[in-house]
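Please look over the chain shown here before the discussion begins.

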Amino acid sequence: MSEPLVLGIETSCDETAIGIVRGRTLLANEIASSVEEHARFGGVVPEIASRAHLEAILPSIERAVNDAKISLRDLDAISVTAGPGLVGALLVGTASASGLAQGLGIPLYGVNHLAAHVSVDYLTHDLPTDPTIALLVSGGHSSLLRVDDITGSITKLGATMDDAAGEAFDKIARILDLGFPGGPAIDREARNGNPTAIDFPRGLTTSNDWATRPYDFSFSGLKTAVARYIESTPVNVRADVAASFQEAVVDVLLLKALAACKSSGIDSLVIAGGVAANSRLREVATERCAKAGIQLRIPNPGLCTDNGAMVAALGSLMVSAGRPATKGAFDADSSLPVERVALA
């Protein structure tokens, strides 16, 4: 089956997202976000997210099918995020996908949310990128991965030891009274600031850190440094704080990612996840990768945040690679490791 038609369901957090792909061609990408319902709490509330998924899942599937101009009976397979994520939210997606797949009599693939973020890159070109180094940065995850086969061979090189990059953005945005979600808010504010105005710390970049934890991240110290700076500085320019904080995050992410490329001899870098939509990260990554001779791939901003297209893309790749479908009933796994690309 060279061009499988696959529907993907993503409900790991606060987006009810449905994608439909034919091979590497995106046909529909429907997203119903509940972010406004969480904004007054300053973060995602799991119970609210689960209820929102229940309300949005069927209408979202219907809209995606209409956008793709297909019938459910045309589908070759269904792919669904099985983890990691919020367990209640995940269960809405996995239960819906299981029922739909059984009703249609087609294979179901329970796939890894993190691997799906990387696989969305395959919708933007026809060239092979395996092996590649992948920098995955989002609200819940900051990881460096070696991807030798997106459907079955992913090695975690390093990860955050505390706050993920996106989580740090949310917390600093809250301190600066910029609202939620913090990533887009800080990105906007930073455009009016000086990224070198304040020399905030770069976590895990001492000589000892490079020797012992070269690919791990830590952003809690940076978050504390920003908070203390705001408290101790009577007059501060919010835009400068946002820009300097953002620069520190971007600098560390790319230092580690390019070091992984160099040490592995792999000249390809994929940056994925919600933080990959950050304009400064995209700008600096383009400059540094060009200088280092690294082929850079970043999905367009609309495919960086959680979406169904990435889940459908990974499902399509699983079908094309002849990977076994997920058999029978299965539980969502809120802590599914990235090395486990799919549930067999």
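This is a predicted model: local features need pLDDT of at least 70, side-chain atom pairs count only at pLDDT 80 or more; totals for chains, interfaces and linings use all residues.

Trainee: In what order do the strands of the open sheet of six strands lie?

Mentor: The pairing in this open sheet is mixed. Its edges are formed by strand 3 (25–33) and strand 11 (342–343), each of which pairs on one side only. Read across the six strands, the order is 3-2-1-4-5-11.

Trainee: Which residue of strand 2 is the bridge partner of Leu7?

Mentor: Strand 1 (residues 5–10) and strand 2 (residues 15–22) run antiparallel and are joined by six bridges. Within strand 2, the residue bridged to Leu7 is Ile20.

Trainee: At about what angle to strand 1 does helix 11 run?

Mentor: Two helices that lie across strands of this sheet can be taken in turn. Helix 3 (residues 87–104) lies across strand 1, strand 4 (77–83) and strand 5 (108–112), and its direction makes about 160 degrees with strand 4. Helix 11 (residues 308–320) lies across strand 1, strand 2, strand 3, strand 4, strand 5 and strand 11, and its angle to strand 1 is about 135 degrees.

Trainee: Is Ser119 buried or exposed?

Mentor: Ser119 belongs to helix 4 (residues 113–119), and beyond its neighbours up to four places away in sequence it touches Ile150, Met310, Ala313, Leu314 and Leu317. A polar atom of the Ser119 side chain also lies 3.2 Å from the backbone oxygen of Met310. Because the relative accessible area of Ser119 is 0%, and the cut-off for burial is under 20%, Ser119 counts as buried.

Trainee: What, then, is Pro107: buried, partly exposed or exposed?

Mentor: Pro107 sits in the loop between helix 3 and strand 5, where, leaving aside neighbours within four places in sequence, it is in contact with Asp76, Ala77, Ile78 and Ala325. Its relative accessible area is 34%, which falls between the limits of 20% and 50%, so Pro107 is classed as partly exposed.

Trainee: How far from the C-alpha atom of Pro107 is that of Thr224?

Mentor: Along the chain, Pro107 and Thr224 are 117 residues apart.

Trainee: Which element gives the largest share of the largest nonpolar core?

Mentor: This core has 47 residues, and Leu135, Phe245, Leu269 and Ile271 touch the most other members. The elements that give it two or more residues are strand 6 (132–137), helix 5 (165–175), helix 6 (182–190), helix 8 (220–232), helix 9 (238–264), strand 9 (268–272) and helix 10 (279–292). Apart from this core lies another of 34 residues, among them Val6, Val111, Val341 and Ala342. In the core of 47 residues, the largest share, 14 residues, comes from helix 9.

Trainee: How many of the residues of strand 6 are buried?

Mentor: Thr132, Ala134 and Leu136 point one way from the strand, whereas Ile133, Leu135 and Val137 point the other way, and all are buried. Strand 6 is thus described as mostly covered, and its count of buried residues is six of six.

Trainee: In what sense do strand 6 and strand 9 run, parallel or antiparallel?

Mentor: On pairing with strand 7 (residues 142–149), strand 6 forms six bridges in the antiparallel sense, and a hairpin of four residues joins the two; in that pair, Leu136 has Ser143 as its bridge partner. With strand 9, Ile133 stands opposite Leu269. Four bridges join strand 6 to strand 9, and these two strands run parallel.

Trainee: What is the handedness of the crossing in which helix 5 passes helix 6?

Mentor: The buried residues of helix 5 pack against strand 6, strand 7, helix 6, helix 8 and helix 9. Towards helix 6, Phe169, Asp170, Ile172 and Ala173 of helix 5 meet Gly182, Gly183 and Ile186. The axes of the two helices come within 8 Å and cross at roughly 65 degrees, and the crossing is left-handed.

Note on methods: Residues are numbered from 1 along each chain as its sequence is written. Side-chain values use heavy atoms; hydrogens and water are left out. A nonpolar core is a set of buried Ala, Val, Leu, Ile, Met, Phe, Trp, Tyr and Cys residues joined through side-chain atoms within 4.5 Å. Buried means under 20% relative accessible area, exposed over 50%, partly exposed in between (1.4 Å probe, protein chains only). A polar contact is a pair of N or O atoms within 3.5 Å; within protein, one must be able to donate a hydrogen and the other to accept it, and residues adjacent in sequence count only if both atoms are side-chain atoms. Contact means heavy atoms within 4.5 Å. Two strands pair if DSSP finds at least two bridges between them. Axes are lines fitted to C-alpha atoms, for helices over the stretch in contact, and angles run from 0 to 180 degrees between N-to-C directions. A crossing is left-handed if the near helix is turned anticlockwise from the far one by less than a right angle, and right-handed if clockwise.
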